[in-house]
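The following exercises concern one protein chain. Each task is followed by a worked solution.

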Amino acid sequence: MKRTFFTTALFALLLLCGGAAWGQTYSYPPYDFTSVNADGDTLYYRITSSATPYTVAVTRCHDSIYHTLHFPQVAYEAGQPGFVYPVYDYDSLITIPSSVTHDGIEYTVTAIDNEAFYEQKGMHTVILPSTVTIIDTAAFYGSTVEHIAMPNVTHILYGAFTGAPLSSVDIPECIVEIGDLAFSSNHSLRQVDIPSSITVLRRSVFAFCDNLSVVNLPEHLVSIEDMAFYDCPQLKIITIPSEVAYIGTEAFIGGFGTYGVNGYLDTLIMKCEIPPQMYDTIPSFQTNKELLVIVPCHTAETYQTAPIWSNYSNFTYQEDCVGVEDYEKENVQMYPVPCHDVLHVRGDGSRFCRIEIYDMYGALVLADEAQDTETALDVSGLPAGAYAVLVVEDNGQRQHVRMVTKQ
């Protein structure tokens, strides 16, 4: 698998800036013993505590020199320095036991070691016991794992699932750390719900997830670090919780080359009364396309004059004020507001091609392929609350967003 120069440079930069943890892979400790699980799979274990309480980590499954090289590699071609041969040691299902006995001693399995399933092909589903609390550095990097049950994991470390085709991920509420690049370059992931225990989204944690379209951020999130959602082309709308105080460089920028090229966000819903701080040189958001920014009532001027925010000439601000959700602007009307069972959307002659309704976390909850100048949407199935309604006209060039409430 080849990497582009840009991607290689990105990983190298992150390595230099904060990837000291990778140093442990230079002389990776060998496994201490093996044991066959209930499904007949041979798992390799490293003893992490040889005294009470006795604990082990599931570790790498072979001794190949190719798996003792420093990660990440700059070349993935056969015959080139750093090449790692794909391995096929397991079938589609791997069940990790909660304990294992060796030489008469019962050990509790508490971690998945760094690079334990690095580049493992053929595996699709992994079931972890409640005793496992740590998924270490690059544990499933480049593997084919699509589903993983991790009910009591508290730490998902650097690059743990980079490049793995997870179709969904159920991050447990007990999680306290999600490391840099943890879910980056995942081309199957479509929705992520970040638990309330997370207050910081680390660097590039969901970068290059090109099918990620729904992200629900936790209420007490305070920081979104550099490139957290870099190059996520399906992410059109996102809500920033009220306590976010910092948004890092290129956090929501898409595409390669000059900053802002091929940006993807259409709508940014800010719940913050005070505009979050941003880096003063490299942008956090794209600068080459119009972006609708919905802000709390009476804060538009605050945003427009805030440091860095005032530099974005492509931002159009709209205030979300209680009691004024039924305002009319340009050529789109919505009524009644608040609505109960049916929401009517009417234009001034332009035909609609699609209407989408998003909740306040940015999740798409209803869509209608409208083909007229007026349509009615059945919203009876939606819970009470505030929603953003996106109307796309048939020319594909104009979009309108209104805030409506459902009672």
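**Exercise 1. Composition and burial**

What percentage of the 407 residues in the protein is buried?

Solution. The model is predicted: local features require pLDDT of at least 70 and side-chain atom pairs pLDDT 80 or more, while totals for chains, interfaces and linings use all residues. Residues are numbered from 1 along each chain as its sequence is written, and side-chain values use heavy atoms, with hydrogens and water left out.

Step 1. Apply the burial classes: buried is under 20% relative accessible area, exposed is over 50%, and partly exposed lies in between (1.4 Å probe, protein chains only). By this criterion, buried residues make up 51% of the 407 residues.

Step 2. Assign secondary structure from DSSP runs, numbered from the N terminus, where helices (H or I) need at least four residues and strands (E) at least two. The protein then has two helices and 28 strands.

Step 3. Define a contact as heavy atoms within 4.5 Å. Of the contacts between residues at least 6 apart in sequence, 48% join residues at least 24 apart.

**Exercise 2. The nonpolar cores**

Identify the residues that touch the most other members of the largest nonpolar core.

Solution. Step 1. Collect buried Ala, Val, Leu, Ile, Met, Phe, Trp, Tyr and Cys residues joined through side-chain atoms within 4.5 Å; such a set is a nonpolar core. The largest has 78 residues, and Phe140, Phe161, Phe183, Phe229, Phe252 and Phe285 touch the most other members.

Step 1. Locate the contributing elements. Those supplying at least two residues each include strand E2 (42–49), strand E6 (105–112) and helix H2 (300–305).

Step 2. List the neighbours of Phe161, leaving out residues up to four places away in sequence: Ile135, Phe140, Val145, Ile148, Ile156, Leu166, Ala182, Phe183 and Ser184.

Step 3. Check for a further core. A second, separate one of 17 residues includes Val332, Val337, Phe352 and Leu377.

**Exercise 3. Ser223 and Thr199**

Is Ser223 buried or exposed, and which residues does Ser223 touch?

Solution. Step 1. Ser223 belongs to strand E15 (residues 223–224). Its relative accessible area is 12%, so Ser223 is buried.

Step 1. Beyond four places in sequence, Ser223 touches Thr199, Val200, Leu201 and Tyr246.

Step 2. Turn to Thr199, which is found in the loop between strand E12 (191–193) and strand E13 (200–201). Because its relative accessibility is 37%, Thr199 counts as partly exposed.

Step 3. Compare sequence and space: Thr199 and Leu217 are 18 residues apart in sequence, with a C-alpha to C-alpha distance of 9.5 Å.

**Exercise 4. Backbone geometry**

Which residues does a cis peptide bond join, with omega about -5 degrees?

Solution. Step 1. That bond joins Thr52 and Pro53, and Pro53 lies in the loop between E2 and E3. Another cis peptide bond, with omega about -10 degrees, joins Tyr335 and Pro336. Pro336 is in the loop between strand E22 (332–335) and strand E23 (342–347).

Step 1. Inspect positive phi values in residues other than glycine. Asp103 has phi near 50 degrees and lies in the loop between strand E5 (99–102) and E6. Glu119 has phi of about 60 degrees and lies in the loop between E6 and strand E7 (125–127).

Step 2. Classify both by accessibility. Asp103 is exposed because its relative accessible area is 69%, whereas Glu119 is buried because its value is 8%.
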